[in-house]
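Hi,

Here is the structure I said I would pass on.

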Protein chains: 2
Amino acid sequence: MGELTIWTYDWAPDGVRGFVRDLRLRWACEEADLAYAVRTIPFDGRETNHLARQPFGQVPFLNDGELELFESGAGLLHLARKSEKLMPTDPAGQAQTLQWTVAALNSIEMVTVPWWYLRICGDEDNQLTGWMGQRLNQLETILSQREWLAADRFTVADLLMADVLRVPEVRSFGGRPATEAYVARVTDRPSFRKARADQIGLFEKADEKRTE
Amino acid sequence: MGELTIWTYDWAPDGVRGFVRDLRLRWACEEADLAYAVRTIPFDGRETNHLARQPFGQVPFLNDGELELFESGAGLLHLARKSEKLMPTDPAGQAQTLQWTVAALNSIEMVTVPWWYLRICGDEDNQLTGWMGQRLNQLETILSQREWLAADRFTVADLLMADVLRVPEVRSFGGRPATEAYVARVTDRPSFRKARADQIGLFEKADEKRTE
């Protein structure tokens, strides 16, 4: 097995601390007791300084020995195959974990992120709001019927879905008690709390260097 | 190995024929020479008539023997593990295929679909246009340097990325010759043409029943 290295920025502004997506990979490694290192690229110049490793200029990307992967969703599915703590090993459990991981990426986040982006652009009551409400209502129905998305247990699909839903703007969309309880439950896991604290700690430490 | 069944609607209006996402799974099965059946659910009442099998009221979903999967992206990654024609079997080739499949879902389609949705809503020059252009430019850089996204060969990642990019509105965003050549090249594959013709044929046949 190769050595795992998670790459993120060397600094990030206050508003995004605790939400940069290296957190997803840290969290998965913590859940699965996988040893990992964290390395950084400069935040300044991030749009062009690492295009050879991440063609959209984003973080995270992951090294696993000789392997390189970008896209946090791909990194999660890659890590999930290393540990039953992230994904069951039976075919039905794997299929469910895969489908809900992709649902988080392509049915929920595909609406929540653009909706949130339009709000940041100043379009508070934007035209994605109806679609957003529909998708979150459909998810609320699911989450009111079960504790976990796949295979009756915590999987990497819950890690990702909770990470998509815990964005404050999305969470404050509101009125969905099962979804809120789910997000609270998943983000109360010690592995999430450690991953979040570690990310925030890294960026806070970088503040000191910046002001030196 | 289980029997593969791809589920789609029993009819769809002219404007979306050739673009309903069961095509992705048909195409993958054709590429991999996997036998499959196509079954349908009623288009009328589609928002609520199959929520037990697809909680967002969409198609396709896939049966593989006893397994059930929704999300076309998940179906593609599931099928890819059945055939080297869709994904290499070496770890580096698998990692690259996985990352580019997720990139199609979460870095490209996450922008193209909401952008297109806003246009349909009448907002032609919408606020996602800048983001869309940035992502498509980044992809153009990649596609001007290589023929295929992953592992120097056609994979399921190309199938999905080309399917995301071939939407007429996205394609007409224009001015990106490497991307245009890529979409033309991938969609010229016999397996794509068969899958597309079969989907359109199914819906055309349903026209006859509707008017009887």
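Let me start with Arg185(B), which sits in helix H7 (residues 177-186) of chain B; helices here are DSSP runs of H or I with at least four residues, strands are runs of E with at least two, and both are numbered from the N terminus. Ala162(B) is 23 residues away from Arg185(B) in sequence, yet their C-alpha atoms are 9.1 Å apart in space.

Before going on, some housekeeping. This is a predicted model, so local features need pLDDT of at least 70 and side-chain atom pairs count only at pLDDT 80 or more, while totals for chains, interfaces and linings use all residues. Residues are numbered from 1 along each chain as its sequence is written, and chains are lettered from A and ligands numbered from 1 in the order in which they are written.

On confidence, the model has ipTM 0.97 and pTM 0.97. The average pLDDT of chain A is 96, and 99% of its residues score at least 70 (pLDDT is the predictor's confidence in each residue, from 0 to 100).

As for the interface, 35 residues of chain B are in contact with 35 of chain A, contact being C-beta atoms, placed from the backbone, within 7 Å. On the chain B side, the elements giving two or more residues are strand S4 (67-70) and helices H2 (72-80), H3 (91-120) and H4 (129-143). H3(B) gives the most, with 16 residues. By type, that side has 23 nonpolar, eight polar and four charged residues (nonpolar means Ala, Val, Leu, Ile, Met, Phe, Trp, Tyr, Cys and Pro; charged means Asp, Glu, Lys and Arg; the others, Gly among them, are polar).

Finally, a hairpin in chain A. Strands S3 (residues 61-64) and S4 (residues 67-70) of chain A run antiparallel and are joined by four bridges; pairing takes at least two DSSP bridges. Phe61(A) has Phe70(A) as its bridge partner in S4(A). Two residues lie between the strands, and Gly65(A) takes a positive phi near 60° in this hairpin.

Cheers

Technical notes: Contact = placed C-beta atoms within 7 Å.
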